[in-house]
Amino acid sequence: ITMSNSIGCLTSLQELSGLCIEDSSAIEELGHLTELRELDIVYSSEQEHMLVKCLQKLQNIQKLSICFYALRGNLDGWVGPQSLHSFRVFGYWLLKLPVWMNRSHVQNLSFLEIDVEELHPEDLEILGRLPALCNLHMYLEETHSSNAVTREFVISAGWFPCLEHIKLRGHYERVVFRQGAMPRLTSLDLDIYGEVCSTWTGIPDLGFENLPSLLHIHLGIGRCRQDDMYKEKAMAALRNMAEMHPNHPSILVTSYRF
């Protein structure tokens, strides 16, 4: 539905979803709803600054979901409120991880779904230190820059203490799990470069055996020139890994093309 010009009068409203916001007058109306706890909208305007101005007024938000139409930026000027429990953004590429997204500011953040253009290993550690995070869905954009940061990440002991589900899609070269990381993780959804899979022999050196609660694995393998050769190797390695893991997790393997 689209927003009525009178909705700004509903100043006690706490939950609002299914709205499509198309112009500046509608976003101004939304800014009057300062008691909102849950907000789920489609934002079809390219006036990002208007949305930021509105969000600055909604300091009681606990669950925020915004669907954009292919925008890119960092929502500059907006800091997620400390009350934030769930933050989901679709169709919007964050240029980097927002500075406010850390354990000292959003201690109650339990669900996070974002797309990121640039992700550093220390960014993943910052997310890993969030004390309440249970679900993380993050897509990493492909980059062709010669100065691009590494796409290999190591998740160390003590990181993501409450995480149960993680989905890391997009262009990850390799993610390694150290003993003591993600003790509650049951579901792992991960993309890996095809060139990495082509080197697997025996059991992949990814540390899946260090995830004691793991029950389900979905791996997306990037396709490369040696598709048939590496796919057979990858599947054999994954079967070995499942047999060796004490939980014998289920495994689903799909392929994607860069």
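Modeller: The protein chain averages a pLDDT of 87, and 89% of the residues score at least 70, where pLDDT is the predictor's confidence in each residue, from 0 to 100. This is a predicted model, in which local features need pLDDT of at least 70 and side-chain atom pairs count only at pLDDT 80 or more, while totals for chains, interfaces and linings use all residues. Residues are numbered from 1 along each chain as its sequence is written, and side-chain values use heavy atoms, with hydrogens and water left out.

Biologist: Which elements have the lowest and the highest mean pLDDT?

Modeller: Helix α4 (residues 194–197) has the lowest, 72, and strand β5 (residues 111–116) the highest, 97; helices (H or I, at least four residues) and strands (E, at least two) are DSSP runs, numbered from the N terminus.

Biologist: Why is the aromatic pair of Tyr43 and Phe68 called edge-to-face?

Modeller: Rings of Phe, Tyr and Trp (its six-membered ring) pair if their centres lie within 6.5 Å, and planes under 30 degrees apart count as stacked, over 60 as edge-to-face and the rest as tilted. By this rule the count comes to eight aromatic pairs. Tyr43 and Phe68 stand at 6.0 Å centre to centre with 80 degrees between the planes, so the pair is edge-to-face. Tyr43 lies in strand β2 (residues 38–43) and Phe68 in strand β3 (residues 63–73), so the pair ties together parts that are 25 residues apart in sequence.

Biologist: What makes the pair of Trp78 and Phe87 tilted?

Modeller: The planes of Trp78 and Phe87 are 45 degrees apart, at 5.6 Å centre to centre, and therefore the pair falls in neither the stacked nor the edge-to-face class and counts as tilted.

Biologist: Why does Ser45 count as buried?

Modeller: Buried means under 20% relative accessible area, exposed over 50%, partly exposed in between (1.4 Å probe, protein chains only). Ser45 has 10% relative accessibility, so the residue counts as buried. Ser45 lies in the loop between β2 and α2 (48–55) and, leaving aside its neighbours within four places in sequence, is in contact (heavy atoms within 4.5 Å) with Ile21, Glu22 and Leu71.

Biologist: How do you know that the buried residues of helix α3 are on the same side?

Modeller: In helix α3 (residues 121–128), Asp123, Leu124, Leu127 and Gly128 are buried. They cover an arc of only 145 degrees around the axis, which puts them on the same side of α3; the arc is that of the directions from the helix axis to the C-beta atoms. What covers these buried residues includes β5, β6 (135–140) and β7 (152–155).
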